[in-house]
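Hi everyone, thanks for coming. Let me put the structure up on the screen, and then I'll walk you through it.

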Amino acid sequence: MLKIKNLHATVEDKDILKGINLDVKPGEVHAIMGPNGSGKSTLASVVAGKDEFEITNGEVLLEGEDISELDPEERAHKGIFLSFQYPVEIPGVSVTNFIKTAINETRKSKGLKDMPAGEMLKLIKEKADMLEIDRKFLSRSLNEGFSGGEKKRNEIFQMAMMEPKLAILDETDSGLDIDALKIVANGVNKLKNDDNAVIVITHYQRLLDYIVPDYVHVLMDGKIVKSGSKELAYELEEKGYDWIKEELV
Amino acid sequence: MSLKDKLLSSYIAFEDYLEDDSPIHDLRSDAIKTFENQGFPTKKEEAWKYTSLNSILKEDYSLFPKKDNDIQLKDVKRYFLHEIDTYKIVFVDGIYNSFLSETTHDKADVCLLSSALSKDKYKPIVETYFNKVAKNNSLTSLNTAFAKEGAYISIPKHVELDKPIEIINFATGNETAILLQPRNLVVVGENAQVQIIERHQSLSDNAVLTNSVTEIFAEKRAHVDFYKIQNDRSSASLIDHTYANQERDSIVKVHTFSFGGKLTRNNLNFYQNGEHCDSVLNGITILEKKQHVDHNTLVHHISPNCESHQDYKGIFDDSSTGVFNGKVYVEKEAQKIDAFQKNNNILISDKATINAKPQLEIFADDVKCSHGCTIGQLDEDAMFYMRSRGIGQKEARALLMYAFANNVLEGVKIPELKRRVNKLIAQKIGVNLGFDL
Ligand SMILES: Nc1ncnc2c1ncn2[C@@H]1O[C@H](COP(=O)(O)OP(=O)(O)OP(=O)(O)O)[C@@H](O)[C@H]1O
Ligand SMILES: [Mg+2]
């Protein structure tokens, strides 16, 4: 599904990613953990196509195709979805209108007509119900004045609507209360199947109790320095990152 | 002959042709003297520093067009708010067109300034209000000197007019260049309400210069909503003066949508003469190519406990230029004023420019005045967010621009008009989003 080979990326001449290798196969869940500022969100943004970051070396392959030259919208059309660590507020555009536009633009890229209004409404209702989102919420301006948790839940709502092949969830758990965490994780699990894949970026092992990873990777200073099974997450929760640093020297 | 000389010599002929018992005869002769002394404003004047009239004054404008400039409804229907029933006062090349108009004398007078100026029964109102709030600057004086036609709207007290009024000034292009000087008088009585939509529309690529003056008098508790749609062709220029005189508890709102035209100058002057007045001045400006729009506003707080809200949004592409010069003047007696002014701009092209100059002159000590001015590009993080959801760059830009202008549209109280303006914005930005915001 997603293959990242020796990826180096810079912003304003500063090296952030320093040789990342990652192989995510269909049906898998990968977790990426790591200290603040280690480059997790940068990796997510680079995969999603943020042009602020410059890829100086390596490649990003989606189903075998190099996507590193594609625009963010083209990557989205190919099935990449990034749930933002800090979702952006767009005053004046309602959640519903935004997601309608996103879906129809994606359909257009595939030569499909707009989704019929009735079908769209049904889909919106279904996904909103699944994530226990109040319908009134959907007519509010996107992310404007949303609480931290509401923003995250809304990201997963959009993911559920778009049904991506590869979803990258960047700290979706931060800001969610315990009940919301379960609802959101449950939503993600329902969308999960053998043909798609999820990368979860998180600081806390708790999310991984609900969204169970096949692999856990530790990202430090722009490199994946350790990979393991979900037990690695418990170890990190308990011991922090110092022992890995020590291992490295 | 310069345009000024041409105007001065035409005035003599014009005066001969008018009856001398006109109630505004003396005003006219004073006004032409003012214009003669001051001439057209130049960039040397502070208020005109960023707007030069030179290029538009070079044309050889006809001052008194031919009378038979008929146009067909089907050709101009789209300029009307035809989805709903409205009163209409329509001028074609400055001359009243009764066929396209729909006036009334039932509960209120929605008719012509020319008849108000000539009929005895309107004399008291004309004498009380005409030219009483307009200032004697050169261009307003020029308009006053030649004032002859325009809309006359008089709403008696307690009347809430049943439908909006459209004032439309068409220019046919039958003359190679034409100067139009409409003069509107709007008197809204105590506790009365009215909604007015004004539009200047050229129908050809011949040059048009409009020097328009509108006086609005809002009596106690009156409520006036005034919408200006400026979406003219790139051969048409507009200098628009709007003077609003407010008595206590009145609300006057002027919304200006500037999307078209070559050069547009909006002078908005508000005077609050009683307590608890509210003045609202909103604008959305979306320009491209070499278009130029200059918003020059003044809110004069004379009485205490009043409010004013100014919110101007601008989006500038190509080498378009914008000016926002917003002045708030608070007299010593005008305590407990809440004056709010905001001017936000987005420059899409690095050749576009905006000159923004807020001016606060406050002589009272217990007031709340805020002003904010921003000039920026479209938010890159928001762009990436939308694009990462599959929304193409062009649509994402459009969505952001909509979102940017949106809160100003919220003040539009006529749903059909709101939809229309929405559509104009979509056209202007070059996309169709398939939904209204
Ligand atoms: N636009 C930018 N300009 C300069 N530095 C940047 C920019 N974006 C990211 N960085 C830097 O890159 C490094 C990695 O940031 P990133 O956001 O990827 O960290 P992270 O691992 O997601 O951290 P956190 O756990 O706090 O979310 C940080 O040092 C950050 O300051
Ligand atoms: Mg991060």
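So, how many nonpolar, polar and charged residues are in the shell around ligand 1? Before I answer, keep in mind that this is a predicted model. Okay: that shell has eight polar residues, four charged ones and two nonpolar ones. In total, 14 residues surround ligand 1, and the closest are A:N36, A:G37, A:K40, A:S41 and A:T42. If you're looking for the elements involved, β2 (14-24) and α1 (40-48) of chain A are the ones that give two or more residues to the shell. Helix α1(A) gives the most, with three residues.

Now let's move over to where the two chains meet. Chain A puts 22 residues into the contact, and chain B puts in 20. On the chain A side, you can pick out α2 (72-77), β7 (90-94) and α3 (95-109), each supplying at least two residues. The largest share of that side is from α3(A), which brings six residues.

Next up, chain B by itself. Chain B is split into domain 1 (3-273) and domain 2 (384-437). Their C-alpha centres are 31 Å apart. The two domains do touch, with 13 residues from domain 1 of chain B and 10 residues from domain 2 of chain B in the contact. On the domain 1 side, strands β8 (193-202), β10 (223-230) and β12 (251-258) of chain B each supply at least two residues, and the largest share, three residues, belongs to β12(B). By class, that side of domain 1 has seven nonpolar, three polar and three charged residues.

Last stop is the core. In soluble globular proteins, nonpolar side chains tend to be buried together. Here, the largest nonpolar core holds 188 residues. Which of them touch the most other members? Those are A:V198, A:V200, B:V188, B:I216 and B:L399. Helix α9 (residues 393-409) of chain B gives the most to this core, with 11 residues. And because domain 1 and domain 2 of chain B both give residues to this core, the core lies between them.

Let's zoom in on one of those residues, A:V198. Setting aside neighbours within four places in sequence, A:V198 is in contact with A:V29, A:A167, A:L169, A:V188, A:K192 and A:I211.

Definitions and conventions. Residues numbered from 1 in each chain as written. Chains lettered and ligands numbered in written order. Predicted model: local features only at pLDDT ≥ 70, side-chain atom pairs only at ≥ 80, totals over all residues. Core = buried A, V, L, I, M, F, W, Y, C linked by C-beta atoms within 7 Å. Buried ≥ 20, exposed ≤ 12 C-beta atoms within 10 Å, placed from the backbone. Helix = DSSP H or I, 4+ residues; strand = E, 2+ residues; numbered from the N terminus. Domains from an automatic or database assignment. Contact = placed C-beta atoms within 7 Å. Nonpolar A, V, L, I, M, F, W, Y, C, P; charged D, E, K, R; others polar. Near = placed C-beta within 6 Å.
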